[in-house]
Amino acid sequence: MTDQIPTIEILKDQARRLRKSLVDSGRTMGHSQALEAVAHQHGFKDWNTIHAKATNAAPLAPVYVGEAVSGRYLGQPFTGRVLGIQVLPARDRFRVTLHFDKPVDVVTFDSFSSYRQRIHGVINSAGTTQQKTSDGIPHLQLHL
């Protein structure tokens, strides 16, 4: 068994991705079978056991300090590194500090620019912020 296990949401997402991968290769697997397979992959006897353990576990951050990341910040693509991460008391929330390889212009006007190279944001385990721009796109989206 691993010392830290992902949140229930991440485990279920792993099961969904496993099922999709199998469907893409022409095989099928039921949802409960996928959950059991994910539990076994993490070293647990069955889904019920990992579910009970994950419910009481602290959430795992989706990125780690020093990791190279890419994504979109205020609609602009970027690549960079994670400088810091902090698990917040709210379930499934992480404060990250990112340093972009190249500064990103966060203004869409042609006659004005405002560049950012180091940013902070609060993301969830999917790597997105809850805050959104006026057109409904998250401020920060990491490609995980």
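Biologist: Which strand is aspartate 105 in?
Modeller: Aspartate 105 is found in strand β3, residues 94-105. Strands (E, at least two residues) and helices (H or I, at least four) are DSSP runs, numbered from the N terminus. This is a predicted model, where local features need pLDDT of at least 70, side-chain atom pairs count only at pLDDT 80 or more, and totals for chains, interfaces and linings use all residues. Residues are numbered from 1 along each chain as its sequence is written, and side-chain values use heavy atoms, with hydrogens and water left out.

Biologist: Is aspartate 105 buried or exposed?
Modeller: Aspartate 105 is buried. Buried means under 20% relative accessible area, exposed over 50%, and partly exposed in between (1.4 Å probe, protein chains only).

Biologist: Which backbone nitrogen does the side chain of aspartate 105 reach at 3.0 Å?
Modeller: The one of serine 114. The backbone nitrogen of valine 107 also lies 3.2 Å from a polar atom of the aspartate 105 side chain.

Biologist: And which residues does aspartate 105 touch?
Modeller: Leaving out residues up to four places away in sequence, aspartate 105 touches Gln76, Phe112, Ser113, Ser114 and Tyr115. Contact means heavy atoms within 4.5 Å.

Biologist: Back to salt bridges. How many are there?
Modeller: The count comes to two by this rule. Arginine 17 pairs with aspartate 13, with 3.2 Å between the closest N and O atoms. Aspartate 24 pairs with lysine 20, where the closest N and O atoms are 3.0 Å apart.

Biologist: Where do arginine 17 and aspartate 13 sit?
Modeller: Both are in helix α1, residues 8-24, four residues apart, so about one helical turn separates them. Arginine 17 is partly exposed at 49% relative accessibility, and aspartate 13 is partly exposed at 31%.

Biologist: What about aspartate 24 and lysine 20, buried or exposed?
Modeller: Aspartate 24 and lysine 20 are both exposed. They too lie in helix α1, four residues apart, about one turn of the helix.

Biologist: New topic. Which residues touch the most other members in the largest nonpolar core?
Modeller: Of its 16 residues, those are Val69, Tyr73, Phe78, Leu98, Phe100, Leu140 and Leu142. A nonpolar core is a set of buried Ala, Val, Leu, Ile, Met, Phe, Trp, Tyr and Cys residues joined through side-chain atoms within 4.5 Å.

Biologist: Which strand gives the most to this core?
Modeller: β3, with five residues.

Biologist: Last one, on β1. Which residues form its covered face?
Modeller: Val69, Gly71 and Tyr73 are on the covered face of β1, and Ala68, Ser70 and Arg72 are on the uncovered one.

Biologist: How many bridges link β1 and β2?
Modeller: Six, in the antiparallel sense. Two strands pair if DSSP finds at least two bridges between them. The partner of serine 70 in β2 is threonine 79.

Biologist: And β1 with β5, how many bridges?
Modeller: Three, also antiparallel. Tyrosine 73 has leucine 140 as its bridge partner in β5.

Definitions and conventions:
Lys and Arg count as positive and Asp and Glu as negative; His and the chain ends are not counted. A salt bridge is a side-chain nitrogen of Lys or Arg within 4 Å of a carboxyl oxygen of Asp or Glu. A polar contact is a pair of N or O atoms within 3.5 Å; within protein, one must be able to donate a hydrogen and the other to accept it, and residues adjacent in sequence count only if both atoms are side-chain atoms.
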